[in-house]
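Biologist: Before we discuss particular side chains, please show the sequence and the structure.

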Amino acid sequence: MRAAARDMWQARSSREQILLAVLALLALAALLLVAVVRPLETARARAAADIRTYDMLAMRLRAAGPGLAADMHRGPPAQIVSQTAAASGLTVQRVEPENGKLRVVFADAPFEAVLRWVSEIERTSALRIGEAQIERSAQGNGVSAQFLLAGG
């Protein structure tokens, strides 16, 4: 087979040999481009896009500030309720378990403090408010509130 290829090569004129050599070099360059360079370029572009995505996420996390990773309250749900209520300036009147959930009752509490407590409990614990009942207290100085908490 090698001898047949050598005979075919020698049977060609020098001009044809040059043209065939140039054609072989072009075919080799095209094969190199398709088999090696393009896959590398695709992988590089994908990696650069991933880096941009992760950099953007890191920038957003830094911009969100330290409040994003607020300390989560841990422990029994009743303890979490009392800690967050104290932090919001509230006094818990009653905490009672109810069907695997926790009912929390505030009496004559400032409305703003109750809202701060709701925000704090949702933001810094695994407890979630399932039901809420807030009414103006009889004295008119605040609100009476009942919450049914789940999770934790």
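Modeller: A polar contact here is a pair of N or O atoms within 3.5 Å, where one must be able to donate a hydrogen and the other to accept it. The model is predicted.

Biologist: Which side chain does the side chain of glutamate 120 join in a polar contact?

Modeller: The cut-off for such a pair of N or O atoms is 3.5 Å. Glutamate 120 is found in helix 4, residues 111-124. At a distance of 3.0 Å, its side chain makes a polar contact with that of arginine 123.

Biologist: Is glutamate 120 buried or exposed?

Modeller: Buried means under 20% relative accessible area. The relative accessible area of glutamate 120 is 19%, so the residue falls in that class: buried.

Biologist: Which residues is glutamate 120 in contact with, leaving aside its neighbours within four places in sequence?

Modeller: Contact means heavy atoms within 4.5 Å. With the neighbours within four places left aside, the contacts of glutamate 120 are His73, Thr84, Ser88 and Ser125.

Biologist: How many aromatic pairs does the count come to, and what is the geometry of the one between phenylalanine 106 and tryptophan 117?

Modeller: The count comes to three aromatic pairs. For phenylalanine 106 and tryptophan 117, the ring centres are 4.9 Å apart and the planes are at 75 degrees. Planes over 60 degrees apart count as edge-to-face, and this pair is accordingly edge-to-face.

Biologist: How many residues apart in sequence are the parts that this pair of phenylalanine 106 and tryptophan 117 ties together?

Modeller: Phenylalanine 106 lies in strand 2, residues 101-109, and tryptophan 117 in helix 4. The pair therefore ties a strand to a helix, and the separation in sequence is eleven residues.

Biologist: What are the relative accessibilities of phenylalanine 106 and tryptophan 117?

Modeller: Phenylalanine 106 counts as buried, at 1%. Tryptophan 117 also counts as buried, and its relative accessibility is 0%.

Biologist: Is the pair of tryptophan 117 and phenylalanine 147 tilted or edge-to-face?

Modeller: The ring centres of tryptophan 117 and phenylalanine 147 are 5.1 Å apart, with the planes at 50 degrees. Planes under 30 degrees apart count as stacked and over 60 as edge-to-face.

Biologist: Where in the chain are the two partners, tryptophan 117 and phenylalanine 147?

Modeller: Both residues are buried. The pair links distant parts of the chain, 30 residues apart. Tryptophan 117 is in helix 4, and phenylalanine 147 is in strand 4, residues 143-151.

Biologist: Which residues form one aromatic cluster?

Modeller: Tryptophan 117 pairs with phenylalanine 106. The cluster is made of Phe106, Trp117 and Phe147.

Biologist: Which residues form a nonpolar patch on the surface?

Modeller: Residues in a patch need over 30% relative accessible area. Tryptophan 9, in helix 1 (residues 2-11), has 36% and counts as partly exposed. Together the members have about 280 Å² of accessible area, and they are Trp9, Leu20 and Leu23.

Biologist: What is the phi of asparagine 99, and what is that of aspartate 108?

Modeller: Asparagine 99 lies in the loop between strand 1 (92-98) and strand 2 and counts as exposed at 77% relative accessibility. Aspartate 108 lies in strand 2 and counts as partly exposed at 39%. Neither residue is a glycine, yet phi is positive in each: about 55 degrees for asparagine 99 and about 50 degrees for aspartate 108.

Biologist: How many salt bridges does the count come to?

Modeller: Side chains of opposite charge can pair when their charged atoms come close. The cut-off is 4 Å from a side-chain nitrogen of Lys or Arg to a carboxyl oxygen of Asp or Glu. By this rule the number of salt bridges is four.

Biologist: Which residue forms a salt bridge with glutamate 98?

Modeller: Glutamate 98 counts as partly exposed at 29% relative accessibility. The closest N and O atoms are 2.8 Å apart, and the partner is arginine 103.

Biologist: What is the N to O distance in the salt bridge of glutamate 122 and arginine 128?

Modeller: Glutamate 122 counts as partly exposed at 30%, and arginine 128 counts as partly exposed at 38%. Their side chains meet in a salt bridge with an N to O distance of 3.7 Å.

Definitions and conventions: Residues are numbered from 1 along each chain as its sequence is written. This is a predicted model: local features need pLDDT of at least 70, side-chain atom pairs count only at pLDDT 80 or more; totals for chains, interfaces and linings use all residues. Side-chain values use heavy atoms; hydrogens and water are left out. Helices (H or I, at least four residues) and strands (E, at least two) are DSSP runs, numbered from the N terminus. Buried means under 20% relative accessible area, exposed over 50%, partly exposed in between (1.4 Å probe, protein chains only). Rings of Phe, Tyr and Trp (its six-membered ring) pair if their centres lie within 6.5 Å; planes under 30 degrees apart count as stacked, over 60 as edge-to-face and the rest as tilted. Patches are made of residues with over 30% relative accessible area and no salt bridge: like charges are joined within 9 Å, nonpolar side chains (Val, Leu, Ile, Met, Phe, Trp, Tyr) within 5 Å. Accessible areas come from the Shrake-Rupley method with a 1.4 Å probe; for residues, only the protein chains shown count as cover.
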